[in-house]
Each structure stands twice: as C-alpha cells, then as structure tokens.
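Work through the exercises below with the model open beside you. Try each task before you read its solution.

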Amino acid sequence: MKNIVKTLVLALAIAGVTASAAQAADFKPRIIRFGYGLADDSNQGRAVKFFAEDLAKRSGGKMKAKGFANASLGGDVQMQNALIGGAQEMMVGSTATLVGIVKDFGVYDLPFLFANETEADTVLDGPFGQKLAARLQDKGLVGLVYWENGFRNLTNTKRPITRLEDMQGVKLRVMQNPVYIDMFNSFGANAVPLPFSELFTALETKTVDGQENPVNTIQSSKFYEVQKYLSITKHVYSPWIVIASKKWWDGLNANEKKALQESALAARDFERKDSRAAAVKAVEYLKSKGMQVSVVSDHEVGRMRDKAKPAFDKFAADGGAEVVKDLQAELAKLRK
Ligand code: KDG
C-alpha cells in the first residue's frame, strides 16, 4: 500500500512540475515598460509594483513589468501615443486625458456624477465601463481595467474655499480636458490646463494659484509644500485606466494575455483597498503638514452642481448625449 501511495505522490509531483514547466513554456521572456505619472511611493506606484510582482508569479518570472514613475516615459498623452506606435507596452493614467482619442471618456469627468466608490466600481467594472474601454481597440490601445484615482478636491494658496464665491479669480490648474475647463470657469475660477508632470513647478512658481486632485495625490506629490488651503469638495470621481499597446498585445499568446488580464484585475482590487485606506489617513497627514482643511457644505456643493450644469449640458450637446444617457440609466438602476 505504502508503495502505491509513494508512486501516486511522485506521479502527482511530476505532473505538477510538468504542468508548471509547460505553463512556463507558454511564456516568452518579455520586458514590459509600464509608465505612470505619480511618484513610485504613491498609491499608483504601489499598484504598479503589485501588478509586476503578480505577473512575474503567473508567468514563471518570464513577464517582467518595469514601472517608470514620475512621467519619466512622458505625460499621459505622450504615453498613449507611444503605446499606439508600439514604442511602449503599458501605462496607467487618467481617463480624462483620453478624450482626444475617445471623446466619450469625458463622461467620467462630469461633476458630481458618482455619489460614492460603490457606484463608481459597479459602473466602471460593469457593462458600461467595459463597453467604453473596448472602444480603445480601434485606436490602437487595449483598456484592461480601471483603477482608482479617487474623488477630487481643491487646493490653493490664496484663501480657504468654502463657497462658490471664494473661487473667483483663482488661477486653477486643471487636466487637459474641456469638461474640467468649462466646469471651473463656470465656478468663477480661471482654468489653466496643464500636464500633471508640470503641475508642481507651476504651483511652486505661482504660475497657478491652485489645483484639484484626490488627497492621495496631494500627499504623494507633496503639493502641501506649495499649497496652503485644502477644500474637500469631491467634485469628480476620477478613474485611472490600465492600458496596453494593441500592436504589442496582438503579438502575445492566449496564456500571456490571460496572465496580464488576471494581474491587472488583482492589482485593481489591491489598489482600491490601498487607495481608500490611504485616503482616510491623508487628510490628517496634510493637516500635520500645515494645510488648512475646509469641508464644503452640502448646500455649497449643491450650488456648485447647479453652476456646473452648463458644462454638463455642453458635453451632452457636443456629441456626448448618448453616453450620458447610458451612464445615467446605469446609475438610476443602482439607486432604485
Ligand atoms: O499621470 C497622472 C495621471 O495618472 C493622473 O493622476 C492625472 O489626476 C491627474 C491629474 O490631475 O493630472
């Protein structure tokens, strides 16, 4: 009997080794240049690191993703073009910077759209978000998964912003995206579109008075060193999207694609947990660094929502009506 068990265990072990050897054989040695805009110790950088480690495990060490932080491979738009041309394999960046490629991604920038992270996760990971991501394929990009940038808040050096009127005349850096430009101009600010990679210098040299980003980014990019006032407005829920070059992707085999998709999803779950936990601590950290924090009242948020309606309507009128309708239908289902 003992010999039978021994033989079985040996057979299973050989089968196991053979399977993993066969599986490993399915993967070619590949170096994946994975670019992103934030610091390597940011929530974005931690998620890229998680992705790389997970992918190495799934591919027997063959698929090596190397993270390039701080827009060292270029800003979001430059990286998108590098992926389309096949000069870079992967990136993660804001959906807001994709509007020059698929205009309907601007729907995620509409003010006060998602009420909370649960709504955002459900819509982004569900049919609506997947359908929109799939439209990148015609443009030479493969949208793999959404990660969380987070709810965006305001910082500036001029004054505490607790009411709409406080934004009057504030030179506010925004992403290069018409919805943000229209929204903040409608609030009475002077919207100044700039790439993320130029933002810290613009704040430091007072080219702009303020900016808006999630608290995790305000912390990891050290904006507290050059900004005095933080206003918790949560005016937009901002997704990141992990993208691969379609030129590169089409040359991968099924196992390689499967591993990339599984690692991107595993990193999504890690990143959302990590980002949400970090965001809770970030406000206290920013206070400890001398920032004066104001929470904008529901009444003032309501006034901002009303003021931003022309920006909302303009996006719909400029060809976005269908995607707005579809997303609002998804939200209506969730809110029943
Ligand atoms: O590369 C930076 C982007 O990933 C994203 O963080 C951009 O939120 C962004 C901003 O304000 O530019």
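**Exercise 1.** Which pocket is the space taken by the ligand?

*Solution.* The model is predicted, so to speak of local features a pLDDT of at least 70 is needed, side-chain atom pairs count only at pLDDT 80 or more, and totals for chains, interfaces and linings use all residues. Residues are numbered from 1 along each chain as its sequence is written, and side-chain values use heavy atoms, with hydrogens and water left out. The ligand takes the space of the second largest pocket. A pocket is, on a 1 Å grid over the protein atoms alone, an open set of points where a 1.4 Å probe fits, with protein on both sides within 12 Å along at least five of seven lines, and its lining residues have an atom within 4 Å of a point.

**Exercise 2.** Which residues around the ligand come nearest, and which polar side-chain atoms lie 3.0 Å from an oxygen atom of the ligand?

*Solution.* There are 13 residues around the ligand, and Asp76, Asn149, Arg152, Arg173 and Asn213 come nearest. By class, this shell holds four nonpolar, six polar and three charged residues. Then look for polar contacts (pairs of N or O atoms within 3.5 Å): a polar side-chain atom lies 3.0 Å from an oxygen atom of the ligand in Gln44, in Asn149 and in Trp240. The protein covers 98% of the 320 Å² of accessible area (Shrake-Rupley method, 1.4 Å probe) that the ligand has on its own.

**Exercise 3.** What is the volume of the largest pocket, and which element gives the largest share of its lining?

*Solution.* The largest pocket has a volume of about 340 Å³. Among the 19 residues that line the largest pocket, Phe151, Asn153, Val215, Lys234 and Ala279 are the closest to its centre. Helix H10 (254-288) is one of the elements that give two or more residues, and H10 supplies the largest share, six residues.

Methods:
A residue is near a molecule or strand if one of its heavy atoms lies within 4 Å of it. A polar contact is a pair of N or O atoms within 3.5 Å; within protein, one must be able to donate a hydrogen and the other to accept it, and residues adjacent in sequence count only if both atoms are side-chain atoms. A molecule sits in a cavity or pocket if more than half of its atoms lie within 2 Å of its grid points. Ala, Val, Leu, Ile, Met, Phe, Trp, Tyr, Cys and Pro count as nonpolar, Asp, Glu, Lys and Arg as charged, and the others, Gly among them, as polar. Grid points are joined across faces, edges and corners, and a volume is the space filled by probe spheres set on the points. Helices (H or I, at least four residues) and strands (E, at least two) are DSSP runs, numbered from the N terminus.
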